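Take a moment with the sequence and the picture, then read on.

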Amino acid sequence: MPLVAGVDSSTQSCKVVILDLETGALVRHGRAPHPDSTEVHPDIWWSALSQAIEAAGGIHDVHGIAVAAQQHGMICLDEVGDVVRPAILWNDPRPARAAAALVAEWGAGETGRREWIRAVGLVPQPFHTVARLRWLAEHETTNAARTAAVCLPHDWLTSRLLGSRKIAELVTDRSDASGTGYWSALTGEYRRDLFRWALGHDAVVPSVLEPFEPAGHTQNGAVVGPGAGDNAATALGIGAGPGDVIISIGTSGVVSAVAVSPIAFPDVSSG
């Protein structure tokens, strides 16, 4: 029977499930913990994934694998793909002032908020990558200068499954890219001007794959899917469709919905 593997690299732990592709039946599974922190070195995530895979009996016999992971964790890499500093997780509030400054720089009050929504469909918050880049540029200038590429947890784990350390080969999907603050779900393109504005210089960002576009293959030949952010993966996994609302209560609380086309509300006054 053909097998597929799914990875959930969350704030608290990494889980791996191996399923029968035809029936969806659970064949085996494994789990490994993550540390409780607002900063985590990505190597710890890879170690946990390796342990979870081992606990699940390995992935030597799977035909495909994809990663869902916690969103908004900023990973900075240098030119050879080494990690510049521990990843700043979604629950780190330090970039709050940076987020407010980015909005204010586009106009006072609602003007700045509307301009950001028109540009990328969101208003920068402390957890968005664009705010974290500004914080890095202001508070860790040496690390900012070393940063040659920026990616998110599921992007980095996907690259490790592919056995690649080349920053030019980083890939992501629409769900994680749309939470960076420098990729527009409305146009399907990066706003590299916003990226440079936040960090102070340009750098590599992952290519955004389509939902059915493979990222590559593992050493054993399994297809590696583009993966997703954890909340988007939840909606996909439960088969949510247009009009459905999903409520997730875990380390964070999330309410999301499914729409047939990108939606932005430039006149909102909150959120």
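(Buried means under 20% relative accessible area, exposed means over 50%, and partly exposed is in between, using a 1.4 Å probe and protein chains only.) Its partner in a salt bridge is R94, with 2.6 Å from N to O, and R94 is partly exposed at 38%. A salt bridge here is a side-chain nitrogen of Lys or Arg within 4 Å of a carboxyl oxygen of Asp or Glu.

A word on where this comes from: it is a predicted model, in which local features need pLDDT of at least 70, side-chain atom pairs count only at pLDDT 80 or more, and totals for chains, interfaces and linings use all residues. Residues are numbered from 1 along each chain as its sequence is written, and side-chain values use heavy atoms, with hydrogens and water left out.

How many salt bridges does the structure hold? There are 15. One of them joins the side chains of D193 and R191, at 2.8 Å from N to O. Both ends are partly exposed: D193 has a relative accessible area of 36%, and R191 has 28%. Salt bridges that share partners also tie E39, R85, D92, R94 and E140 into one network.

Another salt bridge pairs R134 with E105, again 2.8 Å from N to O. This one links distant parts of the chain, 29 residues apart: R134 sits in helix α4, while E105 is in the loop between α2 (96–104) and α3 (110–120). Helices (H or I, at least four residues) and strands (E, at least two) are DSSP runs, numbered from the N terminus. Is R134 buried or exposed? R134 is buried, at 8% relative accessible area, whereas E105 is partly exposed at 40%.

The axes of the two helices come within 7 Å and cross at roughly 30 degrees. Those axes are lines fitted to C-alpha atoms, for helices over the stretch in contact, and angles run from 0 to 180 degrees between N-to-C directions.

Contact means heavy atoms within 4.5 Å. Sorted by type, the contact residues are nine nonpolar, no polar and one charged. For that sorting, Ala, Val, Leu, Ile, Met, Phe, Trp, Tyr, Cys and Pro count as nonpolar, Asp, Glu, Lys and Arg as charged, and the others, Gly among them, as polar.

## A strand on the inside

Strand β5 (residues 64–69) has five of its six residues buried, so it is largely enclosed by the rest of the structure. Strand β1 (residues 3–9) runs parallel to β5, joined by six bridges, and A5 has I65 as its bridge partner in β5. Two strands pair if DSSP finds at least two bridges between them.

β5 also pairs in the parallel sense with strand β14 (residues 223–224), over two bridges, where G64 stands opposite V223. Strand β15 (residues 228–229) is another parallel partner of β5 with two bridges, and there A68 stands opposite A228.

H72 counts as buried at 15% relative accessibility. Its phi is near 75 degrees, a positive value in a residue other than glycine.

## The nonpolar cores

The largest nonpolar core has 38 residues, and V16, I18, L49 and L77 have the most contacts inside it. A nonpolar core is a set of buried Ala, Val, Leu, Ile, Met, Phe, Trp, Tyr and Cys residues joined through side-chain atoms within 4.5 Å. Helix α1 (42–55) gives the most to this core, with five residues. Beyond its neighbours within four places in sequence, I18 is in contact with residues including L3, V27, A56 and V62. A second, separate core of 28 residues includes V84, L122, W135 and F195.

L170, in the loop between α6 and β9 (171–173), is buried at 4% relative accessible area. Setting aside neighbours within four places in sequence, its contacts include L77, C151 and P206.
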